[in-house]
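This report describes how two parts of a protein are placed against each other. The sequence and structure are shown first.

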Amino acid sequence: MIHFYTAPAPNGWKVAIMLEECGLPYEPHWVNLAAGDQHSEEYLAINPNGRIPAIIDHAPADGGEPVTVFESGAVLLYLAEKSGQFLPTDLRGISRVREWLFWQVGHLGPTLGQHGHFHLYAEEKLPYAIERFHREALRVYGVMDRQLAQQEYIAGPDYTVADMACFPWVRTWKAQGIPLEEFPHVRRWYDVLKLREGLRRGVALGSDMRRQGEMSEEERKNLFGTGKAKLL
């Protein structure tokens, strides 16, 4: 059994999609980010970075003690290797998937995360920050569109963990004000992926737990590290 520590957010959806797609048994453990669960000593012992997601594999391949893995990209690779699915075995294929997986965790996710923060959540609307990250969001969408003009999926002819990593962030395109019609190859890829049953189950996980309404000051501190909250 894999214990899966997550919240209904793009980085959590990445791993939820993989767990559903590869069919590994898992048990979700919800991390209430607004309540500050991610700052607790118990959770920091699992993920010292104080973010989601993380897993504890109680049945690792070597038969030894449970294995803890944090950071979404590392978790995806771990699960791909454990299950033998959604990761090529040839040298060039695995290299391409790693490139695009790392591109997602280094560019697509952080860019859209910052754009979403300043565009949707920041109490003070800063035109420079909004414009800066909007331009960068369009740039990374352009990178993705050019790649998908040449390949059926992000890293080649097959659906892999690179696609699972990118989809939850592209899923936010409407809220982020991204003109998806300007990126036809991303649109084609997105429309194909959202029909996958495993992916649909993954992004639906915890959908009934998403917070509603205005944030309190305490919730804002826990989520964004404002005020005297821990900067984790």
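## The contact between the two domains

In this predicted model, domain 1 and domain 2 bury about 1400 Å² between them, 70% of it on carbon and sulfur atoms. Buried area is the accessible area (1.4 Å probe) that two parts lose on being put together, summed over both. Of the area that domain 1 buries against domain 2, Lys14, Leu77 and Phe86 supply 37%, more than any other three residues.

The domain bounds, which come from an automatic or database domain assignment, and the residues in contact (heavy atoms within 4.5 Å) are as follows.

Between domain 1 and domain 2 the count is 1 salt bridge, meaning a side-chain nitrogen of Lys or Arg within 4 Å of a carboxyl oxygen of Asp or Glu. Arg196 forms a salt bridge with Glu21, and the closest N and O atoms are 2.8 Å apart.

Ser72, Gly73, Leu76, Leu77 and Glu81 in helix H3 meet Arg98, Leu101, Phe102 and Val105 in helix H4.

Residues are numbered from 1 along each chain as its sequence is written. Local features need pLDDT of at least 70, side-chain atom pairs count only at pLDDT 80 or more, totals for chains, interfaces and linings use all residues, and side-chain values use heavy atoms, with hydrogens and water left out.

How values were computed. Helix = DSSP H or I, 4+ residues; strand = E, 2+ residues; numbered from the N terminus.
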